[in-house]
Structures are given as structure tokens and as C-alpha cells.
Amino acid sequence: HYLLARITNHIELKSSMVSSFENYVSKDIEKPYEIEHLWADKIEYHSDEFTDKQDFDDWRNSFGALILVPSGFNQSYNADKYEEKLSHYYSQNLLAGSLNPQCYDKNPSFNQYMKDSQLPFKSHNCFKKQDIIERLDLYQKICEEIWSIDGFNTND
């Protein structure tokens with residue numbers, strides 16, 4: 001939860017958006033943020049890639065298959081297929097919204113951040129194993145940017 005909050009807050013601030021890390025981690029706000037699995041817990045939705053429930057669960061719980069959404073949103077779309085939830089992710093935080101192609105239209109601050117950072121953001125109209133791998137790579141690169149030592153001058 002903390003790491004997803006940190007990543008979300010970071011990319012929003014870098015995209016000149018108002019963002020609050022404290023809101024993403026607080027349990028004391030009206031609708032606290034919860035971890036959202038991009039895949040519903042329904043192996044039958046993914047029968048083209050999985051026959052083993054444990055393998056499916058491992059991929060479903062992978063860090064690259066998770067985002068944060070407010071309480072209530074999580075429950076209302078929980079059992080829906082990814083493709084059915086995708087349009088609703090756009091109205092959420094930037095990390096969730098970046099799954100939706102609409103996030104890349106008329107969004108100059110975010111597009112400039114993507115260009116400057118060269119982070120591999122992309123929309124995902126469907127979400128398969130390969131998409132999780134790509135999302136893991138994105139999350140790793142964001143973490144490397146957050147905790148980079150490049151901004152420190154060791155000669156001072």
C-alpha cells in the first residue's frame with residue numbers, strides 16, 4: 001500500500017497535479033484508499049493463460065497488477081473484468097488513469113513528464129501476463145527515479 005501510494009504521489013507531483021501522499025495512506029479519511037487488483041478473482045476470465053489456480057493467484061497478486069482506489073470504488077467493480085473497469089480508472093488517480101488511453105490525450109503536464117523521464121507509460125486496453133510484466137517494469141523505473149542518488153552531490 002505504502003509503495004503504491006508513494007509511486008502515485010510521485011508521478012502526480014511530477015505531472016504538476018495536486019496530490020497528497022497522506023490521503024493515499026490514511027485510514028482516517030472518509031473513503032480511504034485500498035489496493036485494487038486489476039484482475040477479478042475469477043480464473044475463468046483468464047482461461048486463455050491459466051489452468052492452475054495458484055499460478056493465476058500469483059500473477060493476480062503481482063505488484064504490477066495492483067493500483068490504489070478509494071474505498072467503495074474497489075467494492076463496486078471488484079468482480080468485473082478488467083476491460084469493464086478500464087473506463088472508470090481514468091477518473092481515479094494518475095497511476096490508475098494511466099491504464100486508460102484517454103489519459104494520454106490533452107494532458108500536457110503528464111505527457112511532458114513522460115517525455116522528460118522516459119518512463120514506459122502506456123495504456124492497456126486489455127491486461128494479460130505481458131501487461132503485468134510491462135507494468136512491473138514501469139513501477140520499478142518509477143521507484144528508481146524516486147530513490148535515485150543522481151540528485152546528490154557527493155563532492156560537497
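**Serine 109**

I began with serine 109, which I found in helix α7, where helices are DSSP runs of H or I of at least four residues, strands are runs of E of at least two, and both are numbered from the N terminus. The model is a predicted one, in which local features need pLDDT of at least 70 and side-chain atom pairs count only at pLDDT 80 or more, while totals for chains, interfaces and linings use all residues. Residues are numbered from 1 along each chain as its sequence is written, and side-chain values use heavy atoms, with hydrogens and water left out.

I looked up the exposure of serine 109 and noted a relative accessible area of 32%, so serine 109 is partly exposed; buried means under 20%, exposed over 50%, and partly exposed in between, with a 1.4 Å probe and protein chains only. Leaving aside neighbours within four places in sequence, serine 109 is in contact with Ser15 and Ser16, contact meaning heavy atoms within 4.5 Å. I also took the C-alpha to C-alpha distance from serine 109 to methionine 17, which is 8.3 Å for two residues that stand 92 apart in sequence.

**Whole chain**

I then stepped back to the fold, which has eight helices and two strands, running α-α-β-α-β-α-α-α-α-α from the N terminus on. The radius of gyration is 16 Å, close to the 15 Å that the globule rule gives for 156 residues, so the protein is as compact as a globular protein of that length; this radius is taken over C-alpha atoms, and the rule is 2.2 Å times the number of residues to the power 0.38. Along the principal axes, the C-alpha atoms fill a box of roughly 55 × 35 × 30 Å.

Of the 156 residues, 42% count as buried, and I noted that 60% of the contacts with a separation of 6 or more come from residues 24 or more positions apart. The protein exposes about 8700 Å², of which carbon and sulfur atoms supply 48%, the areas coming from the Shrake-Rupley method with a 1.4 Å probe.

**Asparagine 93**

I next asked which loop holds asparagine 93. Asparagine 93 lies between α5 (82–89) and α6 (94–97), and at 6% relative accessibility it counts as buried. Its side chain reaches the backbone nitrogen of leucine 95 at 3.2 Å, and a polar atom of that side chain lies 2.7 Å from the backbone oxygen of leucine 68. For such polar contacts I used pairs of N or O atoms within 3.5 Å, where within protein one must be able to donate a hydrogen and the other to accept it, and residues adjacent in sequence count only if both atoms are side-chain atoms.

Beyond four places in sequence, asparagine 93 is in contact with Thr8, Glu12, Tyr24, Tyr33 and Leu68. I also checked its C-alpha separation from serine 123, which is 14 Å across 30 residues of chain.

**Asparagine 100**

In the loop between α6 and α7 I looked up asparagine 100, which at 7% relative accessibility counts as buried. Not counting residues up to four places away, asparagine 100 touches Leu86, Ser87, Tyr90 and Ser123.

**Histidine 124**

Is histidine 124 buried or exposed? Its relative accessible area is 4%, so histidine 124 is buried, although it is found in a loop, the one between α7 (108–117) and α8 (129–146). The side chain of histidine 124 makes a polar contact of 2.7 Å with the side chain of aspartate 131. With neighbours within four places in sequence left aside, the contacts of histidine 124 are Tyr82, Leu86, Leu99, Asp131, Glu134 and Arg135.

**Two positive phi values**

Last, I turned to backbone angles, bearing in mind that most residues other than glycine have a negative phi. Lysine 106, in the loop between α6 and α7, has a positive phi near 50°, and at 84% relative accessibility lysine 106 counts as exposed. Glutamine 118, placed in the loop between α7 and α8, has a positive phi of about 60° although it is not a glycine, and at 67% relative accessibility glutamine 118 counts as exposed.
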